Protein chains: 2
Amino acid sequence: MLASSPANPQPPAETLTVMGAGLVGCLLALYLARHGHSVELFERRPDIRGEAKVEARSINLALSDRGWKALEGVGIAEAVREVAIAMNGRMMHGTDGQLTFQPYGQDGQAIYSVSRAGLNRRMLDLVEQQPGIRVQFDQHCQRVDLRRKQLEMRDETTGEARIQPFQRLFGADGAYSAVRGAMQRTDRFNYSQQYLDYGYKELTIAAGPKGSWPLEKHALHIWPRGQYMMIALPNLDGSFNCTLFFPYEGANSFAALQTPAQVRSFFAEHFADALPLMPELETEFFANPTSSLVTVRCFPWSHADDVLLLGDASHAIVPFYGQGMNSGFEDCAVLAELLGEHGSDWPRIMRRFETMRKPNTDAMADLAVYNFYEMRDRVADPRFLLQKKIEGKLAAQYPAQWLPLYSQVTFSQIPYAEALANGQAQEQVMQRLMPHIQAEADYERPEVQALVAAEMARRS
Amino acid sequence: MLASSPANPQPPAETLTVMGAGLVGCLLALYLARHGHSVELFERRPDIRGEAKVEARSINLALSDRGWKALEGVGIAEAVREVAIAMNGRMMHGTDGQLTFQPYGQDGQAIYSVSRAGLNRRMLDLVEQQPGIRVQFDQHCQRVDLRRKQLEMRDETTGEARIQPFQRLFGADGAYSAVRGAMQRTDRFNYSQQYLDYGYKELTIAAGPKGSWPLEKHALHIWPRGQYMMIALPNLDGSFNCTLFFPYEGANSFAALQTPAQVRSFFAEHFADALPLMPELETEFFANPTSSLVTVRCFPWSHADDVLLLGDASHAIVPFYGQGMNSGFEDCAVLAELLGEHGSDWPRIMRRFETMRKPNTDAMADLAVYNFYEMRDRVADPRFLLQKKIEGKLAAQYPAQWLPLYSQVTFSQIPYAEALANGQAQEQVMQRLMPHIQAEADYERPEVQALVAAEMARRS
């Protein structure tokens with residue numbers, strides 16, 4: 001047994017095992033410990049705070065309100081905010097280099113660019129300072145025996161294998177979860193993994209002179225090109241992490257770009273304004289892996305009242321709404337609320353958690369795929385851009401009746417399933433209004449205003 | 001190398017490995033051998049023709065036109081027909097014991113009740129007589145190494161493990177396929193397994209005196225009861241194999257029937273006419289397993305041009321349309337056609353097979369789930385029964401324009417996806433007609449006949 005925290009005088013009833021010390025695993029461990037539990041936290045990889053640079057890729061994530069709220073729940077939001085960069089909108093880069101800025105929300109609302117590795121390091125520091133948590137690295141879970149409640153663990157530094165019993169197990173071990181793998185072999189476990197025909201590759205826009213940002217710092221940059229796109233998120237050092245989302249096969253695809261010259265020529269044609277900012281382009285293009293884009297769904301998320309999946313392990317989504325980490329963090333906050341309500345009644349907590357949460361993460365999975373098509377195809381379409389502007393006017397004129405879908409997902413705690421349903425109803429309204437609108441100014445025309453007023457009366 | 005068949009003088013280019021000597025694996029091996037290939041056929045279980053009674057359950061299957069056509073393709077349909085019992089329609093058993101017969105098709109069309117084990121035994125006999133096939137039993141495939149093209153096999157009789165290389169591998173190893181399991185761990189393999197909240201249990205209606213049939217022999221019997229149902233298929237010895245499809249949880253469910261007295265009382269209330277015919281009911285109910293009902297979908301079905309999935313391994317479906325075996329057999333016939341067209345151009349054959357076949361087996365999976373709800377809920381609904389009768393009249397009056405969906409699936413070779421689309425269009429027609437029809441005789445009314453004629457004109 002671990003020493004219990006002096007701040008939590010009640011003796012912990014049992015040790016909880018968390019698989020995975022990534023972002024969700026760390027946050028979950030913190031929440032569980034703050035509720036007075038002893039936590040064993042296992043991570044397959046080495047400690048990423050070590051001397052050796054262990055991660056191959058430097059990924060940026062977009063923290064938004066749900067993520068912030070969950071971080072606040074364990075009092076670590078301020079520490080994270082210091083290393084986050086506000087992005088107040090999308091900056092679209094046309095083929096001709098023309099820039100168009102779309103603010104994300106009202107009143108300077110923003111999403112925040114953070115480094116996955118940097119955030120994970122900071123959370124590991126907090127985990128290690130937290131009494132009641134013991135974290136162990138290089139622990140490869142090779143098999144989960146659900147019936148015997150045992151883990152077959154291998155220490156990757158010594159090669160030593162051992163049997164590790166568990167009392168209650170939380171799988172926060174990501175999209176390729178070992179815990180879920182064991183549950184998948186039980187009867188009546190619903191499961192799906194669906195890939196897009198697109199892969200992604202991480203690239204870099206270099207910092208400007210003296211660590212300045214060569215593009216607008218406070219924006220998420222998008223180069224929408226119909227069948228593919230590139231995005232870029234700012235780093236603290238003046239550089240940007242870029243991600244190219246690109247078909248695996250076809251005329252413009254990973255398969256079609258086989259030489260450094262082909263890559264350069266492709267970027268010169270389609271991403272002309274970015275190319276001069278990417279001195280390592282050809283090297284990175286062939287050195288960095290091409291990664292796939294998967295949506296994972298499953299149910300149930302619990303097994304026999306003593307195993308529970310959270311985060312990507314239960315609902316991996318594609319990254320196009322910036323909600324992968326945020327939804328995993330929200331899982332932790334929702335679970336913590338249930339801990340507050342039901343104490344250690346784990347059967348009830350697990351049942352309520354999975355039934356409350358599943359419709360919401362399913363909705364988020366759909367929204368993320370949908371946003372891929374929107375970002376790729378529609379943000380370059382003048383009618384779509386006009387519709388977005390009209391929606392902005394609607395939201396400004398009727399703030400109580402009209403919160404744009406993106407804001408519901410990103411800047412509110414409205415359950416994802418409700419946000420999706422609201423968004424679908426809003427889209428129907430727009431489909432009725434847009435035939436009457438050919439330009440931004442048309443919104444003010446009396447007949448359009450009458451239509452808008454009628455729609456709003458119907459909604460309230 | 002195996003000796004090549006004198007009937008196939010061209011030397012086989014390579015040995016093909018088929019995993020699974022169930023119904024689909026046997027038929028596939030026969031087709032491949034008839035095309036001049038050497039075949040290694042591996043089966044995990046012991047030879048079911050042996051002395052020991054190895055299968056726990058005696059399942060009946062309904063062979064229909066697609067299955068027959070595929071059996072004819074290797075000349076074994078007549079041998080199978082000798083042990084099959086024609087079922088010319090559904091016999092519905094009301095709660096009050098009232099019987100209603102619905103013929104399946106025109107002109108005495110029938111589906112055929114066959115014993116899975118009996119059919120498998122007969123096919124194994126044919127496989128062993130076929131030059132060019134070597135079948136081995138008790139061969140448990142523990143791992144498939146797709147990269148090295150090796151199988152880790154364990155001989156279940158000796159416990160001996162060995163590495164078995166393969167050149168080209170066909171996974172006909174069922175819903176829990178080991179071959180598919182290996183493919184599932186490759187990147188970008190789409191996969192889903194979805195369970196119904198229902199299980200099933202096999203039960204028996206005993207033969208009457210001197211091997212007579214205590215119920216109509218030439219029918220598939222159904223006891224539809226809203227939230228659950230029982231079906232029965234005839235055996236050659238006068239008995240019937242029954243299957244109870246029942247919720248796992250709830251008021252009337254497997255969970256609710258915990259004692260022999262509860263089972264008897266439940267059957268006495270809901271299956272009163274069957275109960276006296278089931279002397280072993282209580283024993284069987286607790287001795288036989290409760291099995292789950294899964295739909296498996298995946299894509300691609302091939303890997304690196306040298307591995308291919310067929311049958312339940314690529315598209316396991318629920319049993320409610322009687323098409324599981326038939327669709328697997330049709331896979332073999334479709335593959336054989338491609339072999340005829342493209343010889344040994346396996347990359348092309350595999351690509352065409354999976355792209356042609358996938359939309360059809362997806363449609364069949366949807367139809368099977370849909371038919372569950374139809375059989376369970378709607379066959380006891382007077383309006384639905386009336387609609388079915390009107391559809392029968394339509395089909396008789398306009399045979400060129402109206403083949404009922406059930407007939408398209410069961411008594412034709414129309415691709416499943418086309419059948420599903422046709423069926424949906426027909427259902428829309430019925431939705432327009434039925435408000436004008438309150439009784440069977442209304443079909444003859446001039447205004448209804450005018451509506452029908454207009455619909456038919458639109459369709460042709």
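Predicted model: local features only at pLDDT ≥ 70, side-chain atom pairs only at ≥ 80, totals over all residues.
In chain A, three strands are arranged as an open sheet in the order 3-7-4, with antiparallel pairing. Helix 9 (residues 324-342) of chain A lies across strand 3 and strand 7 of chain A, and its direction makes an angle of about 55 degrees with strand 3 of chain A.

Leu220(A) is located in strand 14 (residues 220-224) of chain A. Because its relative accessibility is 8%, below the 20% cut-off, Leu220(A) counts as buried. Beyond residues up to four places away in sequence, Leu220(A) touches Met87(A), Gly89(A), Arg90(A), Met91(A), Tyr104(A), Ile111(A), Ile231(A), Ala232(A) and Leu233(A). Of these contacts, Gly89(A) lies 131 residues from Leu220(A) along the chain, yet the C-alpha atoms of the two residues are separated by 6.3 Å.

In chain B, strand 12 (residues 168-171) directs Arg168(B) and Phe170(B) one way and Leu169(B) and Gly171(B) the other way, and all of these residues are buried. Strand 12 of chain B runs parallel to strand 1 (residues 15-19) of chain B, to which it is joined by four bridges, with Leu16(B) standing opposite Arg168(B). A parallel pairing over three bridges also links strand 12 of chain B to strand 19 (residues 307-309) of chain B, where Leu308(B) is the bridge partner of Phe170(B).

Also in chain B, the axes of helix 2 (residues 65-72) and helix 9 (residues 324-342) come within 8 Å and cross at roughly 45 degrees, which makes helix 2 of chain B oblique to helix 9 of chain B. The crossing of these two helices is left-handed. Helix 2 of chain B contributes Arg66(B), Gly67(B), Lys69(B), Ala70(B) and Leu71(B) to the contact, whereas helix 9 of chain B contributes Asn326(B), Phe329(B), Glu330(B), Ala333(B) and Glu337(B). Classified by residue type, this contact of helix 2 with helix 9 of chain B contains four nonpolar, two polar and four charged residues.

Terms used:
Residues numbered from 1 in each chain as written. Chains lettered and ligands numbered in written order. Heavy atoms only, no water. Axes fitted to C-alpha atoms, helices over the stretch in contact; angles between N-to-C directions. Parallel < 35°, antiparallel > 145°, perpendicular 65-115°, else oblique. Left-handed = near helix turned anticlockwise from the far one by under 90°. Contact = heavy atoms within 4.5 Å. Nonpolar A, V, L, I, M, F, W, Y, C, P; charged D, E, K, R; others polar. Buried < 20%, exposed > 50% of the residue type's maximum accessible area, 1.4 Å probe, protein only. Pairing = 2+ DSSP bridges.
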